[in-house]
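Q: I have a model open and would like to talk through it with you. Could you take my questions one at a time?

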Amino acid sequence: MSAGPTFVAIFYAATTVSLGVAAYTGVPGTGKALGGLVSLSALSLLWANERRAVRMLQLLMKAVRKFTRVEGSGSEGSLHIVSGPLVVPLGDRLALPTWGVEALPSSVALRVQVETFRPLHGWSPQRLLCRKGYWCQASSKVKSAEAVAEEARLGEFRVPAADLTGLEGVWQPFAPEVGERLAAILAGDAGDWSHSLRIKDPFPFPGEIPRHIDGGATLYYQRNGRVEEPAFGDIRVRFLRVPCDAGCVFTAAGVQRGDALVPFQYREAPPSGLELGRALTADFNLGQAYMPVDSSVADEAGMVEQTSQEAIKQSASKVMLTALSASLEGWRRVLHSTAPEKLHGLLPGRHSRVSYILTAYLADAGLTWRIRASGFMLLLAGLEITFRNWQAVLMLFGPAGMALETVVIVAASGFCACTIAAARIFYQPVSATFTLCAGVALFCSVFGVMPLVFALTVVASCMVCVVALFAVNLLLPCC
């Protein structure tokens, strides 16, 4: 890979780490520089996330207009939506050898779900229901296991195995056939030296005899409680499958390529810099077969020359622009690889084009807000690092230290709102104006122009208007 935006992004990250080490060891002046770089990185993340959200919304709106529902085979390069049960080739049976479990015939996925009963968090609202704990997969030493069919079909189209991974809400419990290994697990076999040395696959819970519940679909390892009243540390193992029958319907959407539906997406990666990119029909992977272009590589040659020329005549403003460009490029690559702008194909249930797009939009909106929260926390950390010396002095005067903390939080919220508005102003001017008003109200509160309570009221009113506009923007094209 040639030196260019990639090198600059890596250099930016290395500089931030170096400043962090220097600030930790007490080198004078490095704290403010580190805080500035962290804050700049947070603003870049917020901008890249808003660009991704705008482009995803444009992709969803384009999908609403281009969808065609097909029952048989469709036309090459068209965006189709199709519903029905999944079908797998006869004779293929999924298995998980660690547990000695085979799925029933005509199963598209198999899961052994291992859960531990854990206490509720102190802030959990479930405490209001007098619950003391919950079942959690992440805390068990023995991890859950899953297997999916290598090939499945929905109507006339082939469904890739990647779309079958992580399905939720469609798993059905079943009692597996008891083979030799599963019988040993049920009997509490501890294994021998070959299992201890991992010459043979060790048993999941050696020496422990589980209880059969739910007709053999669940194993219960009783540690401190019982089935009727589980205690902390108890473990349950559930055998689940996704069946291929008329009662388990899925909806798939994608662009037809041969006998497969590939995800509907942009032809090219997001552009470098502050540009949002186009969203014309020609910019999507519709029509004849195409070779996607990765703009993260294609833009590097021009950036190398530009960066090298700017390095010759450095100034304060150009150093800031270079740092901003490097941070934007880094976050652009991270988001493009971890949260690509594409419409994923398979959803459980029978959906119309309206409900399918609405489900996809809500899922993407949740991801957008999680990234916004991460950007806000990163910006807050940058401002805290910048003003940490002032805060340490003001903490000696009691409430004054908390006042600075409040100012930092409100200022970070204002920066986030203004960044979101700037990224959306040309594509969603009305909602961006409301968001900008919220940011201005927060900054007015920081500088004492209006009381904080009044500013928060303005922010809440603006957010209600933004939510209403999003609902109208999503539903009107679907009518």
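Q: To start with the pairing, in what sense do strand 10 and strand 13 pair, and over how many bridges?
A: This is a predicted model, and in it strand 10, which covers residues 172-173, pairs with strand 13 in the antiparallel sense over two bridges.

Q: And which residue in strand 13 is the bridge partner of Pro173?
A: The bridge partner of Pro173 there is Leu240.

Q: OK, what about strand 12 and strand 13, how many bridges there?
A: Strand 12, residues 218-221, is joined to strand 13 by four bridges, again with the two strands antiparallel; within that pairing, Leu219 has Val237 of strand 13 as its bridge partner.

Q: How does strand 5 run relative to strand 13, parallel or antiparallel?
A: Strand 5, spanning residues 107-119, runs antiparallel to strand 13, and nine bridges join the two. Ser107 of this pairing has its bridge partner at Pro243 in strand 13.

Q: Then is strand 13 largely enclosed or open, and why?
A: Strand 13, residues 235-243, is largely enclosed by the rest of the structure, because seven of its nine residues are buried.

Q: Changing topic, which residues make up the nonpolar patch on the surface with Trp193?
A: Trp193 forms that patch together with Leu197 and Ile199, and the accessible area of the three together is about 400 Å².

Q: Where does Ile199 sit, and is it buried or exposed?
A: Ile199 lies in the loop that runs between helix 5 (193-196) and strand 11 (211-213). Its relative accessible area is 58%, and since the cut-off for exposed is over 50%, Ile199 counts as exposed.

Q: Zooming out, how many helices and strands does the protein chain have, and what share of residues is buried?
A: The protein chain has 13 helices and 18 strands, and of its 479 residues 44% are buried. The chain exposes about 24500 Å², with carbon and sulfur atoms supplying 65% of that area.

Q: What share of the contacts joins residues at least 24 apart?
A: Taking contacts in the protein chain between residues at least 6 apart in sequence, 68% join residues at least 24 apart.

Q: Last one: what is the average pLDDT, and where is it below 50?
A: The protein chain averages a pLDDT of 78, with 78% of the residues scoring at least 70. Residues 293-314 have pLDDT below 50, and in the model this stretch has 26 contacts beyond near neighbours in sequence.

Methods. Residues are numbered from 1 along each chain as its sequence is written. This is a predicted model: local features need pLDDT of at least 70, side-chain atom pairs count only at pLDDT 80 or more; totals for chains, interfaces and linings use all residues. Side-chain values use heavy atoms; hydrogens and water are left out. Buried means under 20% relative accessible area, exposed over 50%, partly exposed in between (1.4 Å probe, protein chains only). Contact means heavy atoms within 4.5 Å. Accessible areas come from the Shrake-Rupley method with a 1.4 Å probe; for residues, only the protein chains shown count as cover. Two strands pair if DSSP finds at least two bridges between them. pLDDT is the predictor's confidence in each residue, from 0 to 100. Patches are made of residues with over 30% relative accessible area and no salt bridge: like charges are joined within 9 Å, nonpolar side chains (Val, Leu, Ile, Met, Phe, Trp, Tyr) within 5 Å. A salt bridge is a side-chain nitrogen of Lys or Arg within 4 Å of a carboxyl oxygen of Asp or Glu.
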